[in-house]
Amino acid sequence: MDDMPRKNRTAPADVSGTDRPEIEVRGLHKSFGDNHVLRGIDLEVARGEVVCVIGPSGSGKSTLLRCVNLLEEPSDGRIFVGGTEVTDPDVDIDAVRRRIGMVFQQFNLFPHVNVTENLTLPQRRVLGTDRARAEAVARENLRRVGLADKSTAYPAQLSGGQQQRVAIARALSMGPEVMLFDEPTSALDPELVGEVLSVMRVLAGEGMTMMVVTHEMSFAREVADRVVFMDGGVIVEQGPAAQVVGAPAHERTRNFLNRVLDPAAVAPPTPAPIDDTPQH
């Protein structure tokens, strides 16, 4: 697929004006037993904005993403999507989730049905879409991700990159207003990463609101409107991609990027000297 140049992206909504953010996270905490994973997260994502969340393993990135659509229930705090409070105990969470597309590290495709059925089954069962309409939507979204010729293939017949693109097409077929990506390329061989990122660039160019947990720094630098660096369950730094990735203000961000961007430059631990004194 052709990449969408960053400069041609639809401008995100102005969160400082009258437009309400598409995603609002206020004072979010999440604990698993004694493990306090999220420690008071405040974050806004404007309509049409692409926000990449980066940070070391265990920093709370994926937990934050999963809390947005209540795959994980927050311990404290409030979350709004499209102005609806998803943390309200009385909210119709199924209705909220229908507005949110989620793409995971693993593709989670149904192995026993073909690509078209993978896209049409959720539409028919969740949205009540009739078969003809569901198939038309499936064809369009397979075309969007460059897989129009794979409609009758089964997941096992596809590469990892193709399976992830089908997973993206499946999410798009539900007509989401927001797309959440949780390390969508981490399970892929390096040569397959580019084709998935290419699809995501096109979605960004179309103005889709996106939160992306990623370790792909080049993608974050090129596509994100804003990069959020998390560590220890808090947001350490956030700002324009060129600033956070190119000239981070905080030492924790700099240390993380040094390890990610140039792992060879991180000196290994100095080995203990070998005592070669003859033993008697």
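1. Let's start with the sheet in this predicted model. Four strands make up an open, antiparallel sheet, and their order is S2-S1-S4-S5. Its edges are S2 (35–45) and S5 (84–85), each of which pairs on one side only.

2. The pairing of S1 with S2 is worth a look. S1 covers residues 23–32 and runs antiparallel to S2, with eight bridges joining the two.

3. Now to the pockets. The largest pocket has a volume of about 520 Å³, and 19 residues line it. Nearest its centre lie Arg97, Ile100, Gly101, Met102 and Met174.

4. Which elements supply the lining of the largest pocket? At least two residues each come from helix H2 (93–97), strand S6 (100–103), helix H3 (115–127) and helix H5 (160–172). S6 has the largest share, with four residues. By residue class, the lining of the largest pocket holds 11 nonpolar, four polar and four charged residues.

5. The second largest pocket holds about 170 Å³ of space. Its lining includes Leu70, Glu73, Pro74 and Ser75, along with Asp76 and Gly77. Val86, Thr87, Asp88, Pro89, Val91 and Ile93 also line this second largest pocket. Here the lining divides into six nonpolar, three polar and three charged residues.

Conventions:
Residues numbered from 1 in each chain as written. Predicted model: local features only at pLDDT ≥ 70, side-chain atom pairs only at ≥ 80, totals over all residues. Heavy atoms only, no water. 1 Å grid on protein atoms, 1.4 Å probe; cavity = no way out; pocket = protein on both sides within 12 Å on 5 of 7 lines; lining within 4 Å. Points joined across faces, edges and corners; volume = space filled by probe spheres on them. Nonpolar A, V, L, I, M, F, W, Y, C, P; charged D, E, K, R; others polar. Pairing = 2+ DSSP bridges.
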